[in-house]
Amino acid sequence: MSALPISLPQSLYSAAQVKAAEQEAVKRGLCSLYELVEQAGSAAMATLESLASAHCQTVVLVGKGNNGADALVLARLLLTKGNRPRVLLFGEGKTAEYAEALQAFIAAGGTTEVFSEAALEGAEVIVDGLLGTGVAGELSEPLNQCIEAVNAQNAWVLSLDVPSGVNADTGNVNPMAIEADVTLCFGGLKQGLFTSRARHFAGKVLYASVGLGEILAETEPACQRVDASFLTDLLGRRARDSHKGKSGKVTIMGGNYGMAGAVRLAGEACLRSGAGLVTVISRPEHQLTVNANRPELMFWGCELVDMEVYLRLGWADVLVLGPGLGKDDWGYNLYKAVGLSDKPCVLDADALNLLAKEPCRQINRVLTPHPGEASRLLGLSTAEVEADRFDAIRRLQETFGGVVLLKGAGTLIFDGTTLVVAPVGNPGLASGGCGDVLSGIIAALMAQGLDTMTATVAGVVIHGEAADLAAEAGERGMLASDLMPFIRQLVNSDLI
């Protein structure tokens, strides 16, 4: 029986890469395709035994391809445990492996029936072996009805490889997918499971190599997954003779009328992330808001972009432009001033909207768009961006340069060479000001000496992990400022 690894690999692959690895394994004589099916079914059985009772009333949904064959192997193994699952076929099998698995199941005393919604009633466990990585385009109406019926059940759901209806490469769903409690991924982790709508549908993702680990280790991954382990020894302890000038200086610009809180949050996040000195440039009337409860922030009131503003740009190691900036003349003039600087810069919010109007490419900056801002930068609809976030971030980086961070469920980061997926955080981050906090964290890490890619990835992880710690009191009602004490905790990686 295949053992399940304790932790997930960092490497993520496309469905085509995993399929090619399967074919290479067969070519090398390491196994047959049917032996891979047997290993997948055995791993699924191990999962059920570890997470659910082997004697629950179980319904196994069997699709037409090898995902259905995996499910049939699992159903046969359930028989050996004294569990007689209800096996529902959704169409006629199309592969030799399916035929062999079905024959073995029937020979073991199993019976099958054609799928019906009524057959789902009373199920305690549902095994989803409908589609796997075979999703292409919009689902048929019968499949939609099947998936809708499964989701309506009060049952624990295990999806094999990917939840049926989820695109393994993009994480998109068209129009619906199985809502799994656990997804057991075979061979290599599929990149789409960790971003977009798959974050909702996949549930907890587990992994079984089914004998493909050696071959996939020879393959360049499509991207890399990061989690809290990325922060281990990231910054290390500071030298005992450190002073504030050695900890990085950041200038943050924004906070137009009615938006003082944006720069206030970015500024405090920057300080809590370890920056030694932080200056906020904003509307003069916003000084009280910025400094009332955070006097550690320096402030410069700006009505016009004058020499004093340029001096504060030159003083900084890193610039942040965008939180609450606005798109009027005041915001635009600050945007143009930053464009004349050669300092590394984090662009957020309206700075990105201004960039969309005047596109330019620059290598020493970090762009932090959410899908709506990304749509304006690319001239696409938000739906088109979300349909394939991997394609969108590649196009953003190719067009605008630097490091691009595409926010969302499963944030993507790309510098033109390395693509990273960070499935961190929770829906509590869907509130005003959280993006401003992220910009401040990234800028502080850059100011302390991390390169732009490392600082951006670390910033995303810190932001997401802080949100998870803050959410222990509940996701709903979580504020951006609730992240601050946890940010301080996480940047002190030597204490974690």
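How accessible is glutamate 308, and does that count as buried, partly exposed or exposed? Glutamate 308 has 26% relative accessibility, so glutamate 308 counts as partly exposed; here buried means under 20% relative accessible area, exposed over 50%, and partly exposed in between (1.4 Å probe, protein chains only).

This is a predicted model, in which local features need pLDDT of at least 70, side-chain atom pairs count only at pLDDT 80 or more, and totals for chains, interfaces and linings use all residues. Residues are numbered from 1 along each chain as its sequence is written, and side-chain values use heavy atoms, with hydrogens and water left out.

View 1. Glutamate 308 and arginine 312 meet through their side chains in a salt bridge, at 3.1 Å from N to O. A salt bridge is a side-chain nitrogen of Lys or Arg within 4 Å of a carboxyl oxygen of Asp or Glu. The two residues are four apart in helix α10 (residues 307-315), so about one helical turn separates glutamate 308 from arginine 312. Helices (H or I, at least four residues) and strands (E, at least two) are DSSP runs, numbered from the N terminus.

**View 2. Salt bridges between separate parts of the chain.** By the rule above, the count comes to 18 salt bridges. One of them joins aspartate 161 to lysine 190, with the closest N and O atoms 2.7 Å apart. Glutamate 358 pairs with lysine 336, the closest N and O atoms being 3.4 Å apart. Because glutamate 358 lies in the loop between α12 (350-357) and β15 (365-367) and lysine 336 in helix α11, this pair ties together parts that are 22 residues apart in sequence. Lysine 336 is partly exposed at 39% relative accessibility, and glutamate 358 is partly exposed at 29%.

**View 3. Strand β11 and its neighbours.** Six of the six residues of strand β11 (residues 277-282) are buried. Leu277, Thr279 and Ile281 point one way, while Val278, Val280 and Ser282 point the other way. Strand β10 (residues 249-253) runs parallel to β11 and is joined to β11 by five bridges; two strands pair if DSSP finds at least two bridges between them. Isoleucine 281 stands opposite tryptophan 300 in β12.

View 4. The peptide bond from asparagine 174 to proline 175 is cis, with omega near -5°. Proline 175 lies in the loop between β6 (156-160) and β7 (182-186). Valine 210 is not a glycine, yet has a positive phi of about 45°; valine 210 counts as buried at 6% relative accessibility. Aspartate 233 also has a positive phi, about 55°, although aspartate 233 is not a glycine. With 62% relative accessibility, aspartate 233 counts as exposed.
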